[in-house]
Amino acid sequence: MIQIRKAFFLLLLLFCGITNAQHKNTISAELDAVARTINVQQEITYANNSGDTLNHIILNDWNNAYSSKTTPMAKRFTDEFIKAFHLAKEEERGSTTIYSLVDQNGLLLDWKRPEGHPDLVQVQLKNPIYPGRSFSIKLTYKVKIPNERFTHFGYDPKTGNFNLRDWYLTPSRYEHGFVTYSNENLDDIANAASDYDFTVKVPLAYTLYSDLNSQGMASAQDKFASYHFEDSNRMGFNLVLELQKFTEVFNFQSATIYSSMRDNRTTDVQRAMIVDRIAQYTSEKLGSYPYGKIIVTKADYDRNPVYGLNQLPSFLRPFPDSFIFELRFLKTYLNIYLRNTLKLDPRKDSWVYDGIQMDLLMQYINENHAEKKMMGQLGNWGILRGHHIFEITLNEQFNYFFLLMARRNLDQPIGDPKNTFIKFNEQISGKYKAGLAFTYLDDYLGNGIVTKSFSEFYTQNVNSSQANRNDLELIMQKNAPKDISWFFNKLIASRDVIDYKIGPVKKEKDSLQVTLKNVSGTNVPISLYGVKKGNVVFKQWIDGFDKDSTFTVARKDADRLVLNYNEEIPEYNPRNNQKPLNNFFPNKRPYKFTFFQDLEDPAYNQIFFVPGFAYNLYDGLSPGLRFHNKSLLEKPFIFDLNTLYSPNTGHAIGSFSLMYNQYIRDGELFNIRYFLSGNTYHYAPDARYYKFTPSVQLRLRPDDFRKNLKEVINIRQVMVQRQKSLYVPADPHADSYSVFNARYSKVNSNISRHNNFYTDVQLSDSFGKVSGEFQFRRLFNDNRQVNVRLYAGMFMYNNTGNSDFFSFGLDRASDYLFDYNYYGRSETSGLFSQQFIMADGGFKSMLDTRYANQWMTTVNASFNIWNWIEVYGDAGFMKSRNSNTDFVYDSGIRLNLVTDYFELYFPVYSSNGFEVNDTNYAQKIRFVVTLSPSTLISLFTRKWL
């Protein structure tokens with residue numbers, strides 16, 4: 001009986017050993033530096049550690065994502081308005097060419113790339129692989145290395161260096177099925193942990209670095225060197241080859257660190273001390289690094305920089321050079337340390353990587369640089385002193401970056417897959433919210449429980465081959481003395497926002513009866529502080545509640561109560577967090593006038609003033625002063641008063657607007673804006689107009705935030721009064737009028753495709769009209785671009801007689817609603833009459849018949865022939881009362897320097913004939929120039945949102 005038990009026990013051990021076997025990658029590679037290719041022979045031994053029978057396996061082949069303009073990575077580039085990849089030459093792209101794929105018996109295996117996943121390889125097995133069994137496959141393939149300018153990984157043609165990541169084939173992660181993620185330039189490949197036996201042959205001129213454990217140079221002959229590496233339980237490895245040496249080597253007891261983040265403004269000793277301090281800090285907080293070597297490259301930093309620091313011009317040095325290097329290296333090192341050791345699904349559980357990284361970064365700053373401000377020493381400059389943005393600390397900035405998206409209703413649940421995030425959330429806002437969430441939980445639990453849980457989770461990962469977010473959750477719930485289910489349900493899995501405010505306060509002898517209101521309804525703990533003259537006299541955590549609740553707290557001589565005083569909670573609206581106890585007006589906040597603009601300061605009602613200017617031909621360059629309350633964060637109510645002086649007329653001009661934002665957190669309709677606006681400028685040298693407009697705007701979006709789809713419904717009443725002018729023909733219908741206008745527009749845009757559609761209805765006493773437009777822009781794979789616009793409009797009724805003031809314009813809109821920024825709107829000759837704005841008929845040539853008071857339909861098209869040089873053509877029909885239908889056309893050359901912002905049109909042939917022969921041809925050239933700062937800024941920010 002005893003012998004039977006022993007035999008059973010041995011069999012059980014054997015079975016366990018088999019089922020826990022590790023995959024193995026044996027790779028032999030040779031670099032052709034001239035052709036920028038790597039020839040690979042590889043054997044993959046796959047251990048089926050799952051409980052499923054496998055008939056195929058999935059290999060990650062992420063280098064093949066560079067092979068065409070239609071891969072998921074390429075599509076993400078176009079969605080984010082990044083042109084470099086789409087316009088790249090074929091030799092700059094990467095690819096993988098598989099020559100043979102056989103099983104362990106030498107039999108050819110069928111393989112394919114799954115539909116929609118050109119960067120995966122599905123290998124069909126000859127025989128099913130049962131649980132606990134292993135099998136091997138052998139591959140021969142060539143890897144073509146891409147130019148590093150797309151993702152910072154690949155070859156650098158300037159230096160000849162190679163920085164390689166995810167360039168070889170390796171088994172995908174298995175979770176009740178293989179994980180099939182495509183490369184979307186998110187650095188989140190889901191590899192199965194494997195043992196590696198790697199040999200690579202490179203030209204002797206190169207210095208080679210890898211984070212695999214080196215077994216030394218195997219041989220050196222014929223101007224080539226062969227290197228051998230081995231390591232176990234790795235998610236992947238990096239390979240760096242340098243002709244021009246940038247990498248420094250730091251040998252510490254904890255690990256050998258290779259870094260190409262050299263900063264010549266710091267000394268070798270400074271960098272060594274900083275790197276050592278960061279390495280020790282990370283080991284103390286998490287645990288010892290298990291693999292011996294870490295590579296920290298400049299490419300890693302450039303992909304995820306310290307935002308704020310990287311946006312400042314190089315001539316501004318708000319921090320010491322050593323501190324800038326320290327912060328950059330810290331953020332990058334933490335990212336690599338976690339990516340190399342945690343065995344999570346990096347796409348599905350990206351919030352864990354981000355949260356631990358940012359929490360440890362904030363702890364480091366608190367321990368070593370708590371006094372440093374977000375903008376460093378810039379706040380010492382006289383003109384900048386007093387701005388809140390120069391008063392907040394480094395760690396306080398992270399909450400503002402999160403609020404940038406939350407206040408615009410563009411934040412996303414940080415627990416969602418990484419590839420569903422818009423770029424700003426993926427790289428900035430979501431990362432910071434994850435770190436803030438852990439900091440919040442740590443403050444609530446106390447005793448460093450969160451950091452201890454990180455260390456325990458880290459150790460578990462080092463000793464296993466696979467983990468997930470549930471493992472971290474179980475550890476944290478085990479260690480927490482309180483219920484923390486709210487943390488995962490509210491802060492991680494949802495986009496619920498936190499917003500508490502203080503209600504009535506009743507004073508007792510030595511206590512306060514405080515009523516707290518849960519504005520957002522998100523049931524999570526909140527911190528209540530008693531503050532006296534800026535010093536905290538007490539702090540109390542209050543567990544979450546749904547409805548208004550009253551709590552008793554000790555007064556302790558506080559002169560005000562403040563919720564979330566130290567901003568340890570990522571709260572949506574901290575402006576309602578204060579309650580003075582000795583003020584007759586308990587909710588009154590003082591007003592603060594600030595030059596230019598500033599971050600939101602919850603302690604004040606902020607009003608900003610800034611010099612401004614406007615320009616049109618009749619007012620001239622008009623200076624003035626603008627007053628508004630729009631901080632760098634969105635808020636519900638925004639006012640804007642722009643007072644200007646017109647030097648040409650000697651009169652005051654300007655505009656005002658009042659806007660109330662109603663954000664709806666759930667649903668397709670996400671924002672309603674209520675406007676009341678007005679402006680007055682001169683439309684002729686001796687006459688001005690007054691425009692007053694109440695309106696409502698409804699903004700819609702799809703559930704998928706990454707879609708560049710925008711839908712807007714705009715309803716307004718436009719009231720205009722015009723003074724009479726000696727320079728503009730009198731028109732009894734044009735002096736004073738009111739137009740009801742309703743418009744629906746839909747825009748879907750990226751680098752390769754732009755669709756724009758709108759319908760518009762206008763109703764007034766003297767006319768009613770309806771119009772519509774469809775615009776299509778397409779950039780093809782051969783870098784040819786075509787633009788097509790269709791426009792149609794008709795009057796439902798028209799009682800304006802012979803007036804063309806409200807008519808459809810063929811080459812220039814009448815703009816009686818004063819919507820367009822015409823610099824010389826009443827000009828009929830000269831340079832300012834040649835300004836072109838795409839509206840109504842959209843013609844560039846000025847024909848004899850320029851207006852239609854019954855109906856008009858046109859088509860406008862252009863096609864590029866070389867870079868930004870295009871040919872254009874317009875054609876259409878137009879009809880006015882008491883006249884026949886006219887067919888009109890024109891054509892010419894378009895210099896599309898910056899689409900919609902700076903363009904030139906040179907007419908060639910039209911209904912007028914051959915226009916180039918005209919002696920006044922210069923007066924026929926049309927131009928598009930955009931001077932509006934807000935419009936120009938949108939050109940650079942669209943890739944983030």
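Q: At what angle do helix α8 (residues 423-445) and helix α11 (residues 485-492) pack, and how far apart are their axes?
A: In this predicted model, the angle is about 155 degrees. The axes of α8 and α11 are 11 Å apart.

Q: Why is α8 called roughly antiparallel to α11?
A: The label needs an angle over 145 degrees. The pair packs at about 155 degrees. Therefore α8 counts as roughly antiparallel to α11.

Q: What is the hand of the crossing where α8 passes α11?
A: The crossing of α8 and α11 is right-handed.

Q: Which residues of α8 and α11 meet?
A: From α8 come K433, A437, F438, Y440, L441 and Y444. They meet W486, F487 and L491 in α11. By class, this contact of α8 with α11 has eight nonpolar residues, no polar ones and one charged.

Q: Which residues of α11 are buried, and what covers them?
A: W486, F487, F488, L491 and I492 of α11 are buried. Their cover includes α6 (350-368), α8 and α10 (469-479).

Q: How do you know that the side chain of N25 makes a polar contact with the side chain of T170?
A: The distance between the two side chains is 2.9 Å. The limit for such an N or O pair is 3.5 Å. The contact of N25 with T170 is within that limit.

Q: Which residues does N25 contact beyond its neighbours within four places in sequence?
A: Q42, E43, I44, L169, T170, P171, S194, D195, Y196 and D197 are in contact with N25.

Q: What makes E248 buried?
A: The relative accessible area of E248 is 9%. The cut-off is under 20%. Therefore E248 is buried. E248 lies in strand β16 (residues 248-251).

Q: What does E248 touch, leaving aside its neighbours within four places in sequence, and where is its polar contact?
A: E248 is in contact with I257, Y258, S259, R262, D268 and R271. The polar contact of the E248 side chain is with the side chain of R271, at 2.8 Å.

Q: How far are the C-alpha atoms of E248 and K924 separated?
A: They are separated by 62 Å. Along the chain, E248 and K924 are 676 residues apart.

Q: Why is F656 called partly exposed?
A: The partly exposed class falls between the buried limit of under 20% and the exposed limit of over 50%. F656 has a relative accessible area of 31%, so F656 is partly exposed. F656 is placed in strand β30 (residues 651-663).

Q: What surrounds F656 in terms of contacts, leaving aside its neighbours within four places in sequence?
A: D640, L641, L676, S677, G678 and F692 are in contact with F656. The C-alpha atoms of F656 and N642 are separated by 6.0 Å. F656 and N642 are 14 residues apart along the chain.

Q: Why does R36 count as partly exposed?
A: R36 has 29% relative accessibility.

Q: Where is R36, and what is its phi?
A: R36 is in the loop between β1 and β2 (37-47). Phi of R36 is near 60 degrees, a positive value in a residue other than glycine.

Q: Where is F596, and what is its phi?
A: F596 is in the loop between β26 and β27 (605-616). Phi of F596 is positive, about 70 degrees, although F596 is not a glycine.

Methods. Residues are numbered from 1 along each chain as its sequence is written. This is a predicted model: local features need pLDDT of at least 70, side-chain atom pairs count only at pLDDT 80 or more; totals for chains, interfaces and linings use all residues. Side-chain values use heavy atoms; hydrogens and water are left out. A polar contact is a pair of N or O atoms within 3.5 Å; within protein, one must be able to donate a hydrogen and the other to accept it, and residues adjacent in sequence count only if both atoms are side-chain atoms. Contact means heavy atoms within 4.5 Å. Axes are lines fitted to C-alpha atoms, for helices over the stretch in contact, and angles run from 0 to 180 degrees between N-to-C directions. Helices (H or I, at least four residues) and strands (E, at least two) are DSSP runs, numbered from the N terminus. Angles under 35 degrees count as roughly parallel, over 145 as roughly antiparallel, 65 to 115 as roughly perpendicular and the rest as oblique. A crossing is left-handed if the near helix is turned anticlockwise from the far one by less than a right angle, and right-handed if clockwise. Ala, Val, Leu, Ile, Met, Phe, Trp, Tyr, Cys and Pro count as nonpolar, Asp, Glu, Lys and Arg as charged, and the others, Gly among them, as polar. Buried means under 20% relative accessible area, exposed over 50%, partly exposed in between (1.4 Å probe, protein chains only).
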